[in-house]
Amino acid sequence: MSQKKITVVIVGMGFGKEFIPIYQSHPNIKAVGICTRNKNTLEELRNKFNLDEDLCFTNFEDVPKRDDVDAIHIVTPVPEHAKMTLASLNANKHTACTIPMAMTVEDCKAIVEAKRKANKVYMMMETALYTREFLYGLELAESGKLGRIQFVRGSHIQDMSMEGWAEYWKGFPPMLNGTHAISPLLRINNTKAESVVCHGSGRLSEDLAKRYGSPFAVETATFTLKNSDVIAEATRSLFDVVRQYRESYDVYGTKMSFEWEQLQDESHVLFEGGESARRIDVPDTDPLLIEEIAHFTKREKIDDPNHVSFLQGAGHGGSHPHLVQEFVAAIMEGRNSAVDADVAANYTCAGICAHESAMNNGKRIFIPDFELENATSGKVYS
């Protein structure tokens with residue numbers, strides 16, 4: 001790996017602040033900056049992490065203009081993702097962004113084109129693809145232990161009426177941001193979503209339904225997959241459904257199957273043939289990481305465990321250092337990231353199109369596939 005070092009600015013200090021010490025510990029990072037509109041938060045974090053005052057911003061528009069900033073990592077509210085990503089790529093910065101890529105198909109297309117023109121690394125920082133649970137299942141699939149995959153199912157059920165979530169989430173259509181439930185199903189099959197049929201179920205309260213003109217409490221989608229005979233099923237709910245937080249995937253193969261735990265911390269289930277089944281605790285993923293950031297997979301390394309993203313979500317499954325490792329490695333090695341723009345656009349548009357289908361009584365919608373010219377597949381690890 002090249003010894004060149006880069007400067008990265010993290011934008012958004014909700015759970016975005018969790019990435020500060022990870023980047024600071026990475027041997028290929030020269031300096032870390034932050035951007036937040038809250039001046040008190042800015043000063044608090046600048047002192048806590050000993051950040052260069054010249055790399056601390058309250059105005060995002062100032063960040064892409066800086067010649068000494070090599071990369072921008074966006075961890076802001078969903079409605080800002082497309083605008084900030086485009087500003088970063090158009091300024092020729094390597095760009096990482098939390099999920100989803102954007103809220104419309106048109107914006108996803110614009111980001112893919114901006115990435116192509118900039119010829120910089122883009123990565124959608126999808127935590128669901130780097131949890132210890134998903135990486136365990138991915139190893140089962142890629143090693144052949146599962147056999148031939150026959151079916152996959154994912155869910156993301158969450159009560160976002162909980163205090164701490166931003167106002168824009170109220171009434172947010174379930175599948176409009178469906179990547180947590182969808183992306184593991186596509187990645188474990190090493191493919192993209194091709195078409196979707198989605199149905200809405202139940203009804204939101206009138207106040208929630210009118211905000212986005214979306215009445216459904218639950219949306220459930222079935223996807224056909226490119227070059228595959230597997231059908232993927234995904235379900236998402238955010239309001240007016242009683243259930244403990246669950247962000248899961250199940251995978252069924254000819255030799256073995258894996259099912260996510262029903263209750264938090266009760267352990268997952270491995271089916272090994274016939275009626276044989278056992279509960280398992282999946283191993284941690286430290287060996288897949290460089291030594292300097294491996295310890296950040298641990299729950300106790302979370303800086304703010306009371307942030308709403310961690311009160312619901314179990315610390316994102318130890319995914320944060322994996323995301324940083326892949327993003328930085330792609331930059332150092334001059335390659336596409338594992339969740340490059342065309343892949344991220346497909347994962348994101350799969351959810352957008354699913355919601356469109358639900359709003360049209362289950363009409364089949366074909367999902368755009370924005371293949372990047374001369375794209376090479378990034379690997380999860382370098």
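F134, Y136, Y249, F258 and W260 form one aromatic cluster. The model is predicted, so local features need pLDDT of at least 70 and side-chain atom pairs count only at pLDDT 80 or more, while totals for chains, interfaces and linings use all residues. Residues are numbered from 1 along each chain as its sequence is written, and side-chain values use heavy atoms, with hydrogens and water left out.

Aromatic pairs are rings of Phe, Tyr and Trp (its six-membered ring) whose centres lie within 6.5 Å; planes under 30 degrees apart are stacked, over 60 edge-to-face, and the rest tilted. By this rule there are 11 aromatic pairs. W169 and F172 make a tilted pair, 4.9 Å centre to centre with 55 degrees between the planes. Y249 and W260 make an edge-to-face pair, at 5.9 Å and 65 degrees. Buried means under 20% relative accessible area, exposed over 50%, and partly exposed in between (1.4 Å probe, protein chains only). Y249 is buried because its relative accessible area is 3%, and W260 is buried because its value is 14%. Both W169 and F172 are buried as well.

A nonpolar core is a set of buried Ala, Val, Leu, Ile, Met, Phe, Trp, Tyr and Cys residues joined through side-chain atoms within 4.5 Å. The largest one has 122 residues, of which Y23, M101, F223 and V339 touch the most other members. Contact means heavy atoms within 4.5 Å. Leaving aside neighbours within four places in sequence, Y23 is in contact with V8, I10, I29, V32, H73, M125, V324, F327 and V328.
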